[in-house]
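The points are meant to be read beside the structure.

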Amino acid sequence: MLRFENPICLWLLVVIPLMGLIRLWMWRVQKRRYKRLGDKALLRQMMPDVSSWRPNVKFWLLMAATALIIVMLARPQMGSKVLKEKRNGIEIIIAMDISNSMKAQDVTPSRLQKSKLLVEDLINHFSNDKIGIVVFAGDAFVQLPITSDYVSAKMFLRSINPSLIASQGTDIAGALHLAANSFTQSKVGKAIVVITDGEDHEGGAAEAAQDAYKKGMNVFILGIGDTRGAPIPTGEGGYMTDLSGNTVMTALNEDMCREIAQAGKGRYIHVDNTNSARELLGEQLTRLQKGEVDSVIYSEYNEQFQAIGIVVLLLLVIEVIILEVKNPLLRNIKVFKARRGNPTEHSER
């Protein structure tokens, strides 16, 4: 299994086609300039050392080396060992609210960042359990299918941000329905953990939690934020405002959170700046029925940048060796003997 430790670096690859387009444009401009200077055949006779293909070869060698360096920065890794084993554990789906209100900073560093830190800490304490991640705002979708590969889970967790969903709101019911359908068929303890501030609740969440419990899933609600309210940062030094120019305040809706947890036969836990929420949730999860779960784990990931680095080095050496102009030392070398009455010379192009 191939993965990238820093996949965001791969976005830099868009530079390569842009540089190619710039190169093509410059080549067209240069071609028009040569046409204005005179006849093409005459210009070739006046510039015998000029090569038409060498600069292009050097350019694309540099572009290939640049692309591979970008791939190296993304730290490609290969899972060298695949383990298939049975473990005694439970299955947990984390449903994370990523609406704009989760940007509020009434918990440090923000509601969303605190949620991600809490989930990562929770994963660090897993050993035999499976985890999946659902993200939601006005809509919901599966960010990570249920897995026991904790390294991949952390990687997907770090990439979560509010821009993943354009539709705003807090559709907890939709998230619960999606989470309930994301478990495997294993007969093990199953839990849905919803992390939200509960604002702009769209209704139907308590009924969805009750349906999930009837299917054998406990629903736990982690309420994050301050009930007194906090402004929502815009990311540009200011705060979100309404149509009247007033600062928008977002507050934790604890009553709604408790109602949903009660319907799902779970527990409501308030998240603050301490680790108490993670500890309380861990205690609740350990009480769930455990059973055998099939696990496929990619372990012993090896760095693959060394081989790419060798290729980059070779490309750069070749680029340096190739001259911009024809090699004067090889120009007069005769590859074939001249035939009588029809001497033929092959000079280096």
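1. Ile22 lies in helix α1, where helices (H or I, at least four residues) are DSSP runs numbered from the N terminus. This is a predicted model, in which local features need pLDDT of at least 70 and side-chain atom pairs count only at pLDDT 80 or more, while totals for chains, interfaces and linings use all residues. Residues are numbered from 1 along each chain as its sequence is written, and side-chain values use heavy atoms, with hydrogens and water left out.

2. With a relative accessible area of 44%, Ile22 is partly exposed, the class between buried (under 20%) and exposed (over 50%), computed with a 1.4 Å probe on protein chains only. Ile22 belongs to a nonpolar surface patch, whose members include Trp11, Leu18 and Trp25, and which has about 1,100 Å² of accessible area together. Such patches take residues with over 30% relative accessible area and no salt bridge, nonpolar side chains (Val, Leu, Ile, Met, Phe, Trp, Tyr) being joined within 5 Å and like charges within 9 Å. A salt bridge here is a side-chain nitrogen of Lys or Arg within 4 Å of a carboxyl oxygen of Asp or Glu.

3. Phe59 and Trp60 form an edge-to-face pair, 4.9 Å centre to centre with 80 degrees between the planes.

Methods
Phe/Tyr/Trp six-rings, centres within 6.5 Å; stacked < 30°, edge-to-face > 60°. Areas by Shrake-Rupley, 256 points an atom, 1.4 Å probe, with all protein chains shown as cover. Helix = DSSP H or I, 4+ residues; strand = E, 2+ residues; numbered from the N terminus.
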